[in-house]
Structure formats: structure tokens, C-alpha cells
Amino acid sequence: MFVGMWMTRELITVDPAATLAHIAATMARRKIRLPVVNTTPDGAQLLGIVTHSDVLHAFPADINPFAAIAADSIAAFESSGRQVRVYAADLMARDPLVTAPDAPIESAARLMRDHKIGALPVVTGKILVGLITESDIFRALVEVFEARDRAVRITFSLKPGEDILPLVAEIARRRSLRVTSFMALSHHEPPLCVVQLAGVQLEEALEDVWKSQHRVMNVVKLAQDQTASLAT
């Protein structure tokens with residue numbers, strides 16, 4: 001699960017000379033953060049990021065550049081002489097937080113959470129190659145847990161420092177099941193294992209977990225068209 005597997009590759013960008021009006025109109029249509037780039041022979045070199053807040057703060061309080069009538073308001077504002085023309089280079093946040101295509105997706109999610117931002121530019125060196133957003137993180141999460149077959153997700157407690165993988169592998173082998181996702185949450189209190197198994201002998205696998213003397217916390221029975229949950 002790397003950033004490059006889930007990032008958006010087809011990006012809308014602006015150059016440093018893009019006007020405030022152009023930036024506002026682009027954001028009003030697309031609802032996006034805009035990378036500011038300098039085109040080089042090697043690709044688009046990332047210079048900064050312009051956000052909705054940057055654009056809003058560039059206008060007086062009586063003008064909402066993202067309103068339905070924004071085009072006329074912006075044109076009147078720019079022709080009124082109330083403000084010197086503003087460009088992307090003036091608005092952008094320089095040296096934004098970035099991530100790399102080969103970074104684990106959880107590291108990007110942690111950066112976004114800790115800094116309360118909704119997206120990260122993805123760069124190779126200084127060349128912009130993509131953008132990873134909250135929506136992309138959600139897509140990755142759904143992909144991990146989404147059931148495409150009859151399956152069960154079992155959450156059970158672990159002993160501190162326990163290596164639970166051999167037990168899960170043995171249960172899956174014995175019951176001819178596929179392990180479709182597996183997480184050992186050692187830092188959770190109490191430590192937990194969350195395993196998703198697909199196949200036929202799911203009730204027998206659940207019984208195996210009970211017999212292993214681990215406390216089963218939750219069981220979710222999954223199918224393509226329905227989900228049932230049983231908390232224990």
C-alpha cells in the first residue's frame with residue numbers, strides 16, 4: 001500500500017504568473033488545491049500550493065470568489081483599482097509538505113492528520129508526479145476491507161508481544177480459507193488482531209479462534225451485497 005498506487009496522476013496546475021481571477025475561476029469549477037509549477041525539460045517542478053483560504057484572503061470580505069456570480073464580481077473588483085494584481089507566486093505557500101510515490105500510504109495519512117490538510121503533493125525529487133488526497137486514502141481503506149466473496153472479519157485480543165501470524169496461517173490452511181486482510185495492532189489497548197478470511201469453512205475458523213484461548217471482540221460476516229455484525 002504505497003502512495004503511488006492511489007495518488008491522482010492527472011493534475012490541474014498553474015504557473016507562477018497565473019492571475020488571481022484565473023485561480024479563483026479554476027477553483028470554483030474544480031474545488032481543488034492548486035499546485036504551482038514551473039515547467040522544465042524534466043517535468044513540472046513544484047514551487048508551492050494555493051488553497052481556497054489563500055484565494056479568499058486575497059479578496060475583500062464583500063466578495064466571495066467562489067459564489068455563482070463570482071465572475072462578474074471579480075471582473076468589477078479587478079477593474080476598480082482597489083487592489084494591485086495578484087499572481088499565484090504571491091499567494092502560494094512555498095515549500096509545502098510533500099510525500100513520495102514509494103512512501104507507505106499510512107505515512108501520508110499521518111502527515112495529513114497531524115497537519116490538518118486534505119492533500120499532499122507527490123514528488124520525485126522536485127518534480128510533481130501526483131497528488132494524494134483524503135478521498136484517495138478512503139479508496140485505499142475500502143479496497144483493503146471490501147469483501148468480494150463470502151468472508152468473515154474477526155477481531156480478537158492478543159497477548160503483549162505475541163506473534164499471531166503462525167496461528168492465523170494455520171487456521172487458514174486447515175480450513176482452506178484465503179486471508180484477504182490481516183492487521184496486528186500491537187499498540188492498541190488491549191493489543192488486537194483483525195483478520196479477514198474468505199471461503200466456505202468460516203464458522204469452523206471462528207471456532208478455531210475461540211479454542212485458541214483468544215478473546216473474540218467482534219465478528220463481522222461479509223458478502224458482496226450485505227454486511228452483518230455481531231459484537232461479543
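**Figure 1. The lining of the second largest cavity divides into 7 nonpolar, no polar and no charged residues.** This close-up comes from a predicted model. The second largest cavity has a volume of about 40 Å³. Its lining is made of Ile 154, Phe 156, Val 168, Ile 171, Val 195, Leu 197 and Val 209. Strand 6 (151-157), helix 8 (165-174) and strand 8 (192-198) each give two or more residues to this lining. In total, the structure holds 2 cavities of 30 Å³ or more.

**Figure 2. The largest pocket holds about 460 Å³ of space.** Helix 6 (105-115) and helix 7 (134-145) each supply at least two residues of its lining. Ile 105, Glu 106, Ala 109, Arg 110 and Arg 113 are among the lining residues. By type, the lining residues divide into 9 nonpolar, no polar and 3 charged.

**Figure 3. Met 1, Phe 2 and Met 5 form a nonpolar patch on the surface.** Together, these residues have about 300 Å² of accessible area.

**Figure 4. Phe 2 sits in the segment before helix 1 (3-6).** Is Phe 2 buried or partly exposed? Its relative accessible area is 43%, so Phe 2 counts as partly exposed.

Technical notes. Residues numbered from 1 in each chain as written. Predicted model: local features only at pLDDT ≥ 70, side-chain atom pairs only at ≥ 80, totals over all residues. Heavy atoms only, no water. Patch = residues over 30% accessible without salt bridge, like charges linked within 9 Å, V, L, I, M, F, W, Y side chains within 5 Å. Areas by Shrake-Rupley, 256 points an atom, 1.4 Å probe, with all protein chains shown as cover. Salt bridge = Lys/Arg side-chain N within 4 Å of Asp/Glu carboxyl O. Helix = DSSP H or I, 4+ residues; strand = E, 2+ residues; numbered from the N terminus. Buried < 20%, exposed > 50% of the residue type's maximum accessible area, 1.4 Å probe, protein only. 1 Å grid on protein atoms, 1.4 Å probe; cavity = no way out; pocket = protein on both sides within 12 Å on 5 of 7 lines; lining within 4 Å. Points joined across faces, edges and corners; volume = space filled by probe spheres on them. Nonpolar A, V, L, I, M, F, W, Y, C, P; charged D, E, K, R; others polar.
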